[in-house]
Amino acid sequence: MSVNLHGPGLWYATRATGLVTLLLLTASVLLGILTAGRFSTRRWPRFLSQGLHRNISLLVLVFLALHVGTTVVDTYTSIPLTAAFIPFTSSYKTAWLSLGAVALDLLLALVATSLLRPRIGHRSWRRVHWLAYACWPVAVAHGLGTGTDRNATWVFALTIACAASVVALAAWRIVGARLEVQ
């Protein structure tokens with residue numbers, strides 16, 4: 001069995017892993033907001049939000065690695081591996097691809113500090129973890145700008161649903177925090 005680097009299979013894999021990554025990253029951000037807001041009920045304890053957030057974040061990394069890997073291996077466009085990490089190193093949709101590199105770099109900073117959390121302390125970890133609020137919209141913009149399916153109604157609707165859910169939950173979190181202060 002051999003992998004065909006010239007057919008549409010890798011292109012489909014890149015598209016699919018990009019969309020799955022968007023969904024998982026959105027779920028991770030939503031769970032992160034719930035965790036930061038200390039949301040819990042009898043049916044949904046805090047440890048559930050924390051555990052799901054951590055595990056879904058790990059799945060984000062898996063699908064993101066597959067997304068980058070299939071993009072780099074696909075011979076239809078010449079996108080070097082360095083373009084996944086260093087902005088403006090690819091001639092293919094330079095600005096949009098660079099947003100993906102920035103989002104990946106921000107995500108790697110989040111992962112690195114999460115792994116180092118016991119050594120760097122909660123305060124430093126939390127400051128860096130605020131990058132998640134930058135990582136997610138940059139990743140969404142990358143998908144809208146680079147994604148070949150962005151004009152498909154269902155992909156656009158999916159992206160809007162992801163954005164609306166994050167905005168709504170963030171607004172709930174902000175309003176709830178302000179009410180707690182009063």
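Cys135 has a relative accessibility of 2% and therefore counts as buried, the limit for that class being under 20%. This value, like those that follow, comes from a predicted model.

A disulfide is a covalent bond between the sulfur atoms of two cysteines. Here the criterion is a pair of cysteine sulfur atoms within 2.5 Å, and by this rule the count comes to 0 disulfides. Cys135 takes part in none, its nearest cysteine sulfur, that of Cys162, being 14 Å away. Seen from Cys162, the closest cysteine sulfur is that of Cys135, and because 14 Å lies between the two sulfurs, they are too far apart for a bond.

Attention may now turn to a helical position. Leu99 belongs to helix α4, which spans residues 94-115. Is Leu99 buried, exposed or partly exposed? Its relative accessibility is 27%, so Leu99 counts as partly exposed. Once neighbours within four places in sequence are set aside, Leu99 is in contact with Val138, Ala141 and His142.

The protein has a mean pLDDT of 87, and 93% of its residues reach 70 or more. Confidence is highest in α4, at 92, and lowest in helix α7 (residues 153-181), at a mean of 87.

Conventions. Residues are numbered from 1 along each chain as its sequence is written. This is a predicted model: local features need pLDDT of at least 70, side-chain atom pairs count only at pLDDT 80 or more; totals for chains, interfaces and linings use all residues. Side-chain values use heavy atoms; hydrogens and water are left out. Helices (H or I, at least four residues) and strands (E, at least two) are DSSP runs, numbered from the N terminus. Buried means under 20% relative accessible area, exposed over 50%, partly exposed in between (1.4 Å probe, protein chains only). Contact means heavy atoms within 4.5 Å. pLDDT is the predictor's confidence in each residue, from 0 to 100.
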